[in-house]
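These are my notebook entries on one protein model. I set down what I looked up, entry by entry.

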Amino acid sequence: MTGTVFETGTVVEFDEEAGLGTVESEDGRRWRFHCTQIADGTRTIDAGTGVTFEVVAARRGAWEAAAVRPGG
């Protein structure tokens with residue numbers, strides 16, 4: 001049986017107007033995310049915030065961060 005694997009990382013940028021951000025995982029990979037993926041429902045997050053997140057398939061074959069949770 002497999003479960004969801006969460007990664008830890010840091011928000012490196014977030015554009016409140018566009019609602020788009022980027023999180024960098026501990027191994028240096030970067031993943032884009034939309035504000036609707038912030039799990040606490042706030043729709044905004046500061047750069048430098050530690051987070052946990054999962055990587056999921058997005059549109060057009062890309063990958064993105066989802067279920068972004070502050071406190072990683």
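**Entry 1: pairing of the strands.** I began with S1 and S4, which pair in the antiparallel sense over four bridges. I then looked for the partner of Thr10 in S4 and found that its bridge partner there is Gly50. I note that the model is a predicted one.

Next I turned to strand S4, residues 50-57, and its pairing with S5. These two strands also run in the antiparallel sense, and I recorded six bridges between them. Within this pairing, Thr52 stands opposite Arg69 in S5, and Val56 has Glu64 as its bridge partner in S5.

**Entry 2: the whole sheet.** In which order do the five strands lie in the sheet? I read the order as S3-S2-S1-S4-S5, with antiparallel pairing, and the sheet is open. Strand S3 (30-34) and strand S5 (63-70) stand at the edges; each has a single partner strand, so one side of each is left without a neighbour in the sheet. I also noted that neighbouring strands of this sheet are turned by 45° against each other on average, direction ignored.

**Entry 3: aromatic rings.** I searched for aromatic pairs, and the count comes to one. Phe14 and Phe33 form this pair, with 5.9 Å from centre to centre and 20° between the planes. The pair is stacked, because planes under 30 degrees apart count as such. Phe14 lies in strand S1 (residues 7-15) and Phe33 in strand S3, so the pair ties together parts that are 19 residues apart in sequence.

Entry 4: Which phi does Arg60 take? Arg60 has a positive phi of about 60°, although it is not a glycine. I located Arg60 in the loop between S4 and S5; the hairpin of these strands has five residues between them. Arg60 is exposed, with a relative accessible area of 87%.

I looked up Ala67 as well, which has a positive phi of about 50° and is not a glycine either. Ala67 lies in strand S5. At 16% relative accessibility, Ala67 counts as buried, whereas Arg60 is exposed.

Terms used. Residues are numbered from 1 along each chain as its sequence is written. This is a predicted model: local features need pLDDT of at least 70, side-chain atom pairs count only at pLDDT 80 or more; totals for chains, interfaces and linings use all residues. Side-chain values use heavy atoms; hydrogens and water are left out. Two strands pair if DSSP finds at least two bridges between them. Axes are lines fitted to C-alpha atoms, for helices over the stretch in contact, and angles run from 0 to 180 degrees between N-to-C directions. Rings of Phe, Tyr and Trp (its six-membered ring) pair if their centres lie within 6.5 Å; planes under 30 degrees apart count as stacked, over 60 as edge-to-face and the rest as tilted. Buried means under 20% relative accessible area, exposed over 50%, partly exposed in between (1.4 Å probe, protein chains only).
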